[in-house]
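Subject: Structure for your review

Dear colleague,

My notes on it follow directly after.

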Amino acid sequence: MWVRRAFYSWLIPAAFLLPLWLLVGWGVFNAGGWAFLWVLFIAIPSVFFGQLLLTLLVRARGTVRVERAVSWWDVLGFTLWNGLTIALGFFNQAWWAPVMVLTIVVGLALFWLELVQLWREARPSAILMRTTEGIGYIPAQAPRQAPSERDVIVITEKPPAA
């Protein structure tokens with residue numbers, strides 16, 4: 001459970017630290033001028049807004065908010081996506097392009113995974129009430145009253161005279 005909670009806490013800082021790493025990696029590994037333009041105008045905004053969008057999709061789920069922990073699928077997806085984003089910051093020409101493509105594919109797959117999980121939890125399946133004391137309950141139904149006896153009046157029509 002602590003791993004899932006750690007990932008829950010990591011989601012917001014990752015939106016700021018991953019783009020920062022791409023900028024620092026560009027400077028440390030001498031990626032060049034064209035790479036700087038790519039980092040500045042494409043990579044940093046994409047990673048920042050992508051991570052924020054994924055974080056909002058994760059935190060929109062009720063179970064994540066209650067447990068303050070992500071699912072194991074989230075742990076797997078964010079480990080892959082964030083790991084590949086960190087690998088992009090090393091700017092090694094031998095494997096940078098395939099890692100870039102794989103990072104985009106994993107990011108899109110993670111987006112759909114989050115949508116599927118959100119959709120599953122949004123379906124109505126049970127009623128759960130939370131109180132400030134942390135005790136969940138469903139109030140009892142009001143007792144039904146027996147129907148009262150009423151007078152019944154039957155009116156019959158006379159057939160018309162021929």
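Residues are numbered from 1 along each chain as its sequence is written, and side-chain values use heavy atoms, with hydrogens and water left out.

The mean pLDDT (the predictor's confidence in each residue, from 0 to 100) of the protein chain is 88, and 88% of its residues reach 70 or more. Where pLDDT is low, the predicted coordinates should not be read in detail.

The protein chain has five helices and zero strands; both are DSSP runs numbered from the N terminus, helices being H or I of at least four residues and strands E of at least two. Along the sequence the pattern is α-α-α-α-α. Confidence is lowest in helix 3 (residues 62-67), with a mean of 92, and highest in helix 4, at 96. Of the 162 residues in the protein chain, 29% are buried (buried means under 20% relative accessible area, exposed over 50% and partly exposed in between, with a 1.4 Å probe and protein chains only).

The whole structure contains ten aromatic pairs. Rings of Phe, Tyr and Trp (its six-membered ring) pair if their centres lie within 6.5 Å; planes under 30 degrees apart count as stacked, over 60 as edge-to-face and the rest as tilted. The pair of W26 and F36 is tilted, because the ring centres are 4.5 Å apart and the planes stand at 45°. Since W26 belongs to helix 1 (residues 2-28) and F36 to helix 2 (residues 33-59), this pair ties together parts that are ten residues apart in sequence. W26 is partly exposed at 25% relative accessibility, and F36 is partly exposed at 28%. F111 and W112 form an edge-to-face pair, with 5.6 Å between centres and 75° between planes. F111 is partly exposed at 24%, whereas W112 is exposed at 55%.

Ring pairs also link F16, F48 and F49 into a cluster.

The largest pocket holds about 350 Å³ of space. A pocket is an open set of points on a 1 Å grid over the protein atoms alone, where a 1.4 Å probe fits, with protein on both sides within 12 Å along at least five of seven lines; lining residues have an atom within 4 Å of a point. The volume is the space filled by probe spheres set on the points, which are joined across faces, edges and corners. Its lining comprises 18 residues, of which S46, V47, W81, T103 and I104 lie nearest the centre. Helix 2, helix 4 (72-88) and helix 5 (96-122) each give two or more residues to this lining, and helix 2 supplies the largest share, eight residues.

Finally, V39, in helix 2, is buried at 0% relative accessible area. Its C-alpha lies 9.3 Å from that of G89, 50 residues away in sequence. V101, in helix 5, is exposed at 51%.

Yours sincerely

Definitions and conventions
Predicted model: local features only at pLDDT ≥ 70, side-chain atom pairs only at ≥ 80, totals over all residues.
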